[in-house]
Amino acid sequence: MSTDPWFGADKLYHALACATITCCTYCSVGLWKSLRGRRRTRLALGCMAGIAAGIAKEVGDSIQAWPFCPCGASVRDLIADIVGVVVGVLLVLSVQLCCGRRDGNSIGNHGTSQHVDGNVDHGSA
């Protein structure tokens, strides 16, 4: 029997940590003016941060760098990290879809909206 099960609290912690890192990185880099409207770049940076954190944790495990955790490196942990990154990306995209935010900036255009055909509607108020 394996000492590193596929399902359990440890894998959940890995997935939640990487999902959180992915989402927080996406939101944080959105505070930079130069990246506000660049959703793909922000998603890529979020993914890289989440995966980098997962790799760093597993490298630390392999060299016994964590005195509080006598655990070894695990491919299953790394897979859980990647699942967490995917969940983080899906969460970010879901929130944007639900809020109607396509560019990552603010909701609405100060009383105007642009239709698919390019016509601008200034509201009827």
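Reader: In which residue is the closest cysteine sulfur to that of Cys98?

Author: The model is a predicted one, in which local features need pLDDT of at least 70 and side-chain atom pairs count only at pLDDT 80 or more, while totals for chains, interfaces and linings use all residues. Residues are numbered from 1 along each chain as its sequence is written, and side-chain values use heavy atoms, with hydrogens and water left out. A disulfide is a pair of cysteine sulfur atoms within 2.5 Å. The sulfur of Cys98 is too far for a bond, since 6.6 Å separate it from the closest cysteine sulfur, which is in Cys99.

Reader: Is Cys98 buried or exposed?

Author: Buried means under 20% relative accessible area, exposed over 50%, and partly exposed in between (1.4 Å probe, protein chains only). With a relative accessibility of 70%, Cys98 counts as exposed.

Reader: How many disulfides does the structure hold?

Author: A disulfide is a covalent bond between the sulfur atoms of two cysteines. The number of disulfides in the structure is 0. Cys23 is likewise in no disulfide, and the nearest cysteine sulfur, 6.6 Å away, is that of Cys27.

Reader: Which elements make up the chain, from the N terminus on?

Author: Helices (H or I, at least four residues) and strands (E, at least two) are DSSP runs numbered from the N terminus. The chain has 3 helices and 2 strands. Their order from the N terminus is α-α-α-β-β.

Reader: How many salt bridges are counted, and which side chains meet there?

Author: Side chains of opposite charge can pair when their charged atoms come close. A salt bridge here is a side-chain nitrogen of Lys or Arg within 4 Å of a carboxyl oxygen of Asp or Glu, and the count by this rule is 1. At 2.8 Å from N to O, the side chains in that bridge are those of Asp77 and Lys11.

Reader: How many residues apart in sequence are the parts that the pair of Asp77 and Lys11 ties together?

Author: Asp77 counts as buried at 5% relative accessibility, and Lys11 is also buried, at 7%. Asp77 belongs to helix H3 and Lys11 to helix H1 (residues 9-29), so the pair ties together parts whose separation in sequence is 66 residues.

Reader: Which residues make up the largest nonpolar core?

Author: In soluble globular proteins, nonpolar side chains tend to be buried together. A nonpolar core is a set of buried Ala, Val, Leu, Ile, Met, Phe, Trp, Tyr and Cys residues joined through side-chain atoms within 4.5 Å. Cys23, for its part, is buried with a relative accessible area of 14%. The largest core has 5 residues: Cys23, Tyr26, Leu43, Val89 and Val92.

Reader: Which residues does Leu43 touch?

Author: Contact means heavy atoms within 4.5 Å. Leaving aside residues up to four places away in sequence, Leu43 touches Tyr26, Val89, Val92 and Leu93.

Reader: Which residues form the nonpolar patch on the surface?

Author: Patches are made of residues with over 30% relative accessible area and no salt bridge; like charges are joined within 9 Å, and nonpolar side chains (Val, Leu, Ile, Met, Phe, Trp, Tyr) within 5 Å. Helix H2 (39-62) and helix H3 (75-99) each contribute at least two residues to the nonpolar patch, while Ile63 lies in the loop between H2 and H3 and is exposed at 60%. Accessible areas come from the Shrake-Rupley method with a 1.4 Å probe, and for residues only the protein chains shown count as cover. With about 610 Å² of accessible area together, the patch consists of Ile51, Ile55, Val59, Ile63, Ile82, Val86 and Leu90.

Reader: Which residues does Ala15 touch?

Author: Ala15 is part of helix H1 and counts as buried at 19% relative accessibility. Its C-alpha atom is 9.6 Å from that of Gly50, 35 residues apart along the chain. Not counting residues up to four places away in sequence, Ala15 touches Ala80 and Gly84.
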